[in-house]
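Hello,

Here is the structure you were waiting for. My notes follow below it.

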Amino acid sequence: MAQGDIEKLIALLAKVPGLGPRSARRAALHLLKKRETLMQPLARALDETAAAVRTCSRCGNLDTVDPCAVCTDARRDRSIICVVEEVGDLWAMERSAFFRGLYHVLGGRLSALDGIGPDDLRIAGLVARAHEPEVKEIIIATSATVDGQTTAHYLQDRLAGADIAMTRLAHGVPVGGELDFLDDGTIMAALNARRPL
Ligand SMILES: [Zn+2]
């Protein structure tokens, strides 16, 4: 049996995190009702973004320009780099609007169980950046999970030769999951109370 276009749309929407099959049906129905004001602009935005998006060759952020808008923002403090696991963590930090330095997105964390080693992450680029004269501090903001801690220790070893201060986001705050799930105040507190590694 051929899958109808609307069923296909619902099946695709159901793959979006936060949307199950039920919410996907509701979203599809809403889009179908708002074809001109929502569905078509959304379709265009998806199409254009899919065509234009790229990974920043410097920090690993996603943007439609390379280097990304964060890397080229002249108002930012270029002496501090915050190392995060995923782009979502970078977005969470940006949402808190408290951190005004630069970022480095690893693209995950070391995991023996999932077979993710140093070569699978954006580590060589970070080591290179750590040796740039303008860089004075690197904040390791990997998660407080076992793998996140392992990643932090590994980075500490790899960056040991660079003339920088290395700090870690404070514990005692619920950095158990992804930064993305923290509210802005918690991110600010974790940054304020960062400690030397
Ligand atoms: Zn960038």
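Which residues does Ser96 touch, not counting residues up to four places away in sequence? Ser96 touches Asp184 and Ile187, where contact means heavy atoms within 4.5 Å. Ser96 is found in helix H4, residues 87-96; helices (H or I, at least four residues) and strands (E, at least two) are DSSP runs, numbered from the N terminus. Ser96 has a relative accessible area of 13% and is therefore buried. Buried means under 20% relative accessible area, exposed over 50%, and partly exposed in between, with a 1.4 Å probe and protein chains only.

Before the rest, some ground rules. This is a predicted model, in which local features need pLDDT of at least 70 and side-chain atom pairs count only at pLDDT 80 or more, while totals for chains, interfaces and linings use all residues. Residues are numbered from 1 along each chain as its sequence is written, and side-chain values use heavy atoms, with hydrogens and water left out.

Zinc site

The zinc ion has Cys56, Cys59, Cys68 and Cys71 as its protein donors, each through SG, at 2.3 to 2.4 Å. Donors are N, O and S atoms within 2.8 Å of the metal (3.2 Å for Na, K and Ca); water is not among the atoms, so sites may look incomplete. Along the chain, the donors follow the spacing C-x2-C-x8-C-x2-C. The site is tetrahedral, with angles of 104 to 115° among its four donor atoms; four donors count as tetrahedral if all angles lie between 85 and 135 degrees. Cys56 is buried at 2% relative accessible area, and Cys59 is buried at 0%.

Salt bridges

The count comes to eight salt bridges, each being a side-chain nitrogen of Lys or Arg within 4 Å of a carboxyl oxygen of Asp or Glu. Asp73 pairs with Arg76 at 3.7 Å, N to O. Both partners are buried: Arg76 has a relative accessible area of 6%, and Asp73 one of 13%. Asp73 also meets Arg100 in a salt bridge, at 3.9 Å, N to O. That pair links distant parts of the chain, 27 residues apart: Arg100 is in the loop between H4 and strand E4 (102-105), and Asp73 in the loop between strand E2 (62-63) and strand E3 (80-84). Arg100 is partly exposed, at 39%.

Glu137 forms a salt bridge with Arg194, the closest N and O atoms being 2.6 Å apart. Glu137 lies in strand E5 (residues 137-140) and Arg194 in the loop between helix H7 (184-192) and strand E7 (195-196), so this pair ties together parts that are 57 residues apart in sequence. Glu137 is buried at 13%, whereas Arg194 is partly exposed at 29%. Separately, salt bridges that share partners join Asp73, Arg75, Arg76, Glu94 and Arg100 into one network.

Surface patch

Leu38, Leu42 and Leu46 form a nonpolar patch on the surface, with about 250 Å² of accessible area together. Accessible areas come from the Shrake-Rupley method with a 1.4 Å probe, and for residues only the protein chains shown count as cover. Patches are made of residues with over 30% relative accessible area and no salt bridge; like charges are joined within 9 Å, and nonpolar side chains (Val, Leu, Ile, Met, Phe, Trp, Tyr) within 5 Å. Leu42 is found in helix H3, residues 35-52, and is partly exposed at 36% relative accessibility.

Regards

Note on methods
Tetrahedral: all angles 85-135°; square planar, octahedral: opposite > 155°, others 65-115°.
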